[in-house]
Amino acid sequence: MSWIDQLLQSPPGWSNFLTFMALGSMMLTITLGFVTYAILAERKIMGAMQLRHGPNQVGGRFGLLQTVADILKLLLKEDIRPAHADRALFIIAPILTYVPAFLVIAVLPFTEAFHFADIGIGLLYYIAISGLSTIGIVTAGWASNNKYALMGGMRAAAQMISYEIPLVMSVVGIILFTGSLNLIDIVNAQESLAFIFLQPIAFLIFFIAGTAELNRTPFDLPEAESELVAGYHVEYSGFRFAFFMLSEYVYLFAISALITILFLGGWHDPIPYLELDGPGLGAIWFSLKFIGVVFLFIWVRVSFPRLRADQLMEFGWKVLLPVALANIFVSAVIKEFFF
Amino acid sequence: MNGEVLVFLILASLAVIGGLLMLNLKKVVHMLLSLVLTFLSIAGLFIMLSAEFVAVVQVLIYSGAVTIMMIFGIMLTRHQDEQRVQKNRVRTWVVLIGILVFFYTMYEAITRFVSVEQASELHIENTKQIGMALYAKYVIPFELTSVLLLVALIGAIVLAKREEEEEVKQE
Amino acid sequence: MTDKDKSQETDSVHKDGGDHSESERQQRDHEADKPSSGPPDKQDSQNENAATDSENPNKPQTPHPTEETNPKKATEKPVSSEKSPPDDKPKRKSSPSSKSAPEKTEEEPSYNQPLLDQYLSIIEKDLGSMALEAAYINRLSKHVPTLVAHDHTYFQVAKLLRYHPALSFNYLSELHGTDLKTHMEVYLHLHSFEHHHSLALKVKIERDNPELETVTSLWEGANWPECEAYDLLGIHFINHPNLKRIFLGEEWEGYPLRKDYEAYDEEV
Amino acid sequence: MLRTEEMLLNVGPQHPSTHGVFRLVIKIDGEIIKEATPVIGYLHRGTEKLAEDLTYTQIIPYTDRMDYLAAMTNNYVLCHAVETMMGVELPDYAEYLRVLAMELGRIASHLVWFGTYLLDIGAVSPFLYAFRERERIINLLNELSGGRLTFNYMRVGGVKWDAPGGWFDRVQEFVPYMREQLAGYHDLVGGNEIFLSRVKGVGVYSQETALQYSLSGANLRCTGVDWDLRKHEPYSLYERFDFKVITGETGDAWDRFKCRMGEIEESLKIIEQTFDQMPAEGKTMAKVPRMIKAPPGEAYVRIESPRGEIGCYINSDGKKEPYRMKFRRPSFYNLQILPKLLEGENMANLITILGGVDIVLGEVDG
């Protein structure tokens, strides 16, 4: 029984409360720190790929404080609420989107030592909780009382339901090989060989479906700027808008971490049998792989145009899902005969 | 009183509040969201019972899929935003008696329930145990259920198709 | 009827062109003067080939701009008997010379003259000799054959131009109106993608109550240009599917492109 | 089946993809467009009315502002109309300069279209690439005319200035560079499955429809109509150049894309040929009177602008101002087909179709 389980089962008291608060805040800080620099990285990388500089004014040559300044600006901005919006839901919606984004981080193991909740069904938990954000997005779209927002919300809902299925299906192969839904077990199963080599198709499906879950190009239909202006958050300003934006990047953080854990072997060294699995090295390996995945996401965003709504649905149901199902079947056969 | 009881109380009352709000709110979307609250609280209760798998499935299926489907249904179709049901005295009484009977039955059942042994290791390999039970002990009911669902799925497609054809005819 | 017979012989008989249209126009003028007595055509005076002015002695004091400086020209009908078939590319080199000396009695006929004759013969066969008010080659505008229809024959002429297999002007390049103070004029520039030739069709309408049949049924592309003419000049197109003030909005007062339009704010 | 609710959606006038102040009122059922009504006039400046009080030379800057992405062709059509009426013969050198300027402008205009179209479809990067190339063209035209967007370079009877020293070399350098970049565009965009699935079979219309709606330019050629005024009603010196008229087959957005990209290629060819043919130096102005007066009468000329057939009608009473001036603005005519194209389309195709028409609002509203 780990220390955190002990903590959970201890009697309530102010000390425990404070411990929990401190732990939570720590995680929040780490995540927000990541988000801050992920946004900066995205802008810098996109800038480099698009022949421009990206932020370079606030915080020195690399614009290191640009995102901080942006978030501060959003904090100070006037909070505008449309007159005909549904007041209660308009306020709840950003929270509904934001909270699950942070909840999912609880189960992600970053290194052998550094992880929070070690629950048996970590993978399933991630998928279930991330689905909750959809409700927030739909609510935001509905509550804004704006047609563009509503359409964005609808698209988000349709898209997230459609792509959640291949997302889940694609990892079944990994679950078959590991025999566990626990993320730590999954990482440990990749000590010798990362699952990306065993399950390349699953990786592709997961990456594509993950991009769709993140609402990023080429699947950024819910907030398609050229069509729906900004989609579901078109009426939001100030810090409520920041909630949506932050949760988007927290999900980027989470899904990149999840891909690292599921397919790239987490904190294990990338070259097997190299025996470079030191306690400190784990964090470095994880970070490198993780940064690679984030870079891949940004790269995809810069390169592709957007899919159309019906094509998106068709792709999800007619291509990804059958391929994912076939992958499960093949994995089962392989597992049966070779392992 | 330890944390468990406190959490239980919070979750239970949230679930009840969600249900009450669901019955009393006027806008359909509000009702739906209060339903989500109930679903989530129940998922929390499942976790307290060391039924992690069931809890997560509860979130995934009910809060995720079912709610979204309902939202779609509500938003895409014509409906009166506010509905008022006329109060019926007799009905109120019948409902009240029903509730009392239900409460009493549950009370009796719970007080007479004697747990044979306290399963202490429930949360360990929870999922595995469910899998074992489903695919070994209860495989026939499981298969029957899946057949039933399949039939329902096909039935839904057939019904939708027929209506479509009728619509074409009408036009 | 000898003219007609001659013109039907073959297209390459160019000398007929002038004669034919000329006599026709004389005829028409005599008849047209009696019943309509509407604004007589002054527009033609600018055209070398048109001879209507000469037959129109009782010309009113037209404030039309072209009258002020335009010398009477083409008083003689262009008797161009022995002329070679149309040269293929007589660029603008030919036009300035002809323009600089409008008084020249013997004028080189335009390379588009046979085309115009062909159009005229077709129109005459189908709609009678009364369909057109005038027909000439507009040398200023790259020698485009120009037909001037009456407002009551305008739609029929347009329809014929659109659907007649030898004409089939299936492309509307331009439609606009002009306020000429005494009357309004609608100008259409048509193009045929089958025969690759162009044509200008004009129609004069009265200024006080400008009304004209729409040609949207012939060319969908006339929809917005007609709205534009309605918006800016107040020309009402009858049977137009959706005649609206396309730029200025329904609440705008007056028609800005009319010459007597007074701006709300003179300073602007 | 579920009965879905129709709703009225206002796209614009302030919408990122309407390319200016253009409003589209659409009735949608779910994501299917039932009816689309364009509302224009937000940028109407009354150019034609203003022209009635201006001398011909004074009108030239106004034409710059109509199609502000291809101002050179606008300059040209006005000058050409007046020159046609006056019968002015231009020196070859001046005409070559005009052709160079117009073709550079055509490339720049198509580049803007390429970039913004991809932006509409959701790809941000090609926009920035296209603007890098456009920047070079704009710099070249800036050296030539002193303006970056509204050039006001042409005059009745010629051009304002001779090209500055070394300008021709810089244009010559630009041609191979642009070719290389164009190949890159085809790699990045033309071969992209997502892009193809977005544009193929979208916004299809037939040849007859295109003619019926008075479409012109790439919008007409994409249906297979071999029609380019530069080729078929040659003006300026276009007879002397060897270039192809790019036509499509199916009349969908993909063909329109191919037509426009092909036209960049052909324009580059024309620029190259210009250098082979051009005299080393010459006069930039023909002999024209100090005060330009078109002879009494009327004229309508049309030329090929990047957006289609741009025409200029002048009714002159022999004064120094036109009595009536009218521009046939291709965007205005091209936009008419939009309601027909959008009916029954998916909402997501709205922007693909609207962008494919390639409108400039300054031109639509005149």
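Chain C and chain D bury about 4700 Å² between them, with 51% of it on carbon and sulfur atoms; buried area is the accessible area (1.4 Å probe) that two parts lose on being put together, summed over both. This is a predicted model, in which local features need pLDDT of at least 70 and side-chain atom pairs count only at pLDDT 80 or more, while totals for chains, interfaces and linings use all residues. Residues are numbered from 1 along each chain as its sequence is written, chains are lettered from A and ligands numbered from 1 in the order in which they are written, and side-chain values use heavy atoms, leaving out hydrogens and water.

**Where chains C and D meet**

- On chain C, 60 residues are in contact (heavy atoms within 4.5 Å) with 54 residues of chain D.
- Four salt bridges are counted between chain C and chain D; a salt bridge is a side-chain nitrogen of Lys or Arg within 4 Å of a carboxyl oxygen of Asp or Glu.
- One salt bridge pairs D:Glu52 with C:Lys259, whose closest N and O atoms are 3.0 Å apart.

**A sheet in chain D**

- Seven bridges join E2 (residues 23–29) of chain D to E3(D).

Technical notes:
Pairing = 2+ DSSP bridges. Helix = DSSP H or I, 4+ residues; strand = E, 2+ residues; numbered from the N terminus.
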